[in-house]
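Dear colleague,

Please find below the structure that I am handing over to you. My notes on its aromatic rings follow.

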Amino acid sequence: MNYISRRISKTSLIVMCSILIMVLFAGTQAHASTNTIKNGPHWYDTNGNQIQAYGSNFTWSDGYFYWFGLNWTGNNTGGNNNFQGMNCYRSTDLVNWEYVGVALANQTSGDLGPNRVVENGDVIYNSATNKWVMWLHIDNESYSEGKVGIATSDSITGPYTYQGSSNMLGKLLRDQTAWVDDDGTGYLFADDDVNGARNLKIFKMNDSYTDLVSIVASLGHIEAPAVQKVNGVYYLLSSELTGWATNRNKYQTATSIAGPWSDRVDVAPPETNTYNTQTQNIIRAGNTFIYVGGRWAQGNLADSRYVMLPMTVDSSAKTMYIPNYYDQWSLNSSDWSWSDTSNNKALFKTVTASSSLENYGWGKAKAVDERRNSISGFMGYSSQLGQNSNHTEWVEINLGEVKTFSKIVLYPRNDSGHVGDGFPIDFKIQVWNGNTWLDRVSETGYTKPDNSAQEFTWGFLDNTNRIRVYATNLRTVGNNGYLMQLSEIEVY
């Protein structure tokens, strides 16, 4: 039986755009092949156009994964996320996405008209009515309405006919996820705003999946609901309330949807802030679980990115985890096995340092966060301020498992007026052989760089899990003393 779990939609007001679903299905795909998922860059459809499907929802039907999400083309001013339509894509391998069309179009007036906020777009199938039902968050630009909208279609791809909106059960509801249990009962996980005190609640739907009839459970001051059920265990992934900023998404479990629910636990290493993503989905393809996250570009929403990562789910231990980040990895659609084909070995690995400024946008973890530019909030790595005499500083990356590499790339600090500041003058690149540090690169009198990547290679492969930059002669940075500063460190 083909079974689809529901996606978690992240509203973008108070705002978070974060969602989670899991798609269960049986059977093999025709024309199966191995394809590479590349995280970081934009993704493009089979016509070569940038995929516009933000606040994503994935649904499995008739041999395809269907991807529904918002078109944010042109939404590049501040937090503007006015509705421009809900797009639909489909794929058999989760890598090559065909643009199907606009599932729900914007209108000249009303809920879907200009200056309106429409979010979520969870699509669920009602076998009793033979209708596909799309659940939406409907609001104005100040997010004071908190309505739930319903659209229906005879076809999964649409077009969907808008049926209207209301404050169901008299509630102000936002940040919602529609989900169907394996007994056919429909639920809405939604953020209930009561006098500004937001509380994530579970609501039961009516038989036609077009209205709410009761409150099932109350889950506290969290948002970005994502629900999944594996071997009788319910998983709920949710987020802290930090607006557009990434945070430590956590999950909790229960054996009844009404609870009791366990305490919340980190779904990824806490220092990574869920690999700088907001949760959108978890897809299950065969026995492989795939996390889908979004990186939201608040000032230019159409520049936001998607991330897919393999994750582990153990229903006997009641655990859910995304242990590693890969800038690319391969997925075989014949059996949904996967393999690590990552290039940059350092991404989101553990960083230690002789000293580290953990403020003003600087931090050890930000040396390996995939951001090559020094921007507000994500400056990179800096040693501590106030060191008024020249001295030694080092920054080390623990790659976890033993990796093979022969190149390190250092990205200088590159914010306006500070390009190249803090780049060391005398330094070594060293690797750990299990007993001691071995020099691989030695530089003296290194010229202050521009904002381009500084590559260092040593002509043969090392196999180790530790590498460091060891600086013995530093630059002064304004009145902050002698510092080592780097926007990003990459290992290949």
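The structure contains 33 aromatic pairs, where rings of Phe, Tyr and Trp (its six-membered ring) pair if their centres lie within 6.5 Å; planes under 30 degrees apart count as stacked, over 60 as edge-to-face and the rest as tilted. The ring centres of Trp-43 and Trp-67 are 6.2 Å apart and the planes stand at 75°, so this pair is edge-to-face. Trp-43 lies in the loop between strand E3 (34–38) and strand E4 (54–61), and Trp-67 in strand E5 (residues 64–70), so the pair ties together parts that are 24 residues apart in sequence; strands are DSSP runs of at least two residues, numbered from the N terminus. Both Trp-43 and Trp-67 are buried, that is, under 20% relative accessible area with a 1.4 Å probe, protein chains only.

This is a predicted model: local features need pLDDT of at least 70, side-chain atom pairs count only at pLDDT 80 or more, and totals for chains, interfaces and linings use all residues. Residues are numbered from 1 along each chain as its sequence is written, and side-chain values use heavy atoms, with hydrogens and water left out.

Trp-43 and Trp-67 also belong to one aromatic cluster, whose members include Tyr-54, Phe-58 and Trp-296.

Arg-90 lies over the face of Tyr-64, 4.1 Å from the ring centre, and the charged end of Lys-366 sits over the ring of Phe-378, 5.4 Å from its centre. The rule asks for NZ of Lys or CZ of Arg within 6 Å of the ring centre and within 35 degrees of the ring normal.

Yours sincerely

Terms used
Helices (H or I, at least four residues) and strands (E, at least two) are DSSP runs, numbered from the N terminus. Buried means under 20% relative accessible area, exposed over 50%, partly exposed in between (1.4 Å probe, protein chains only).
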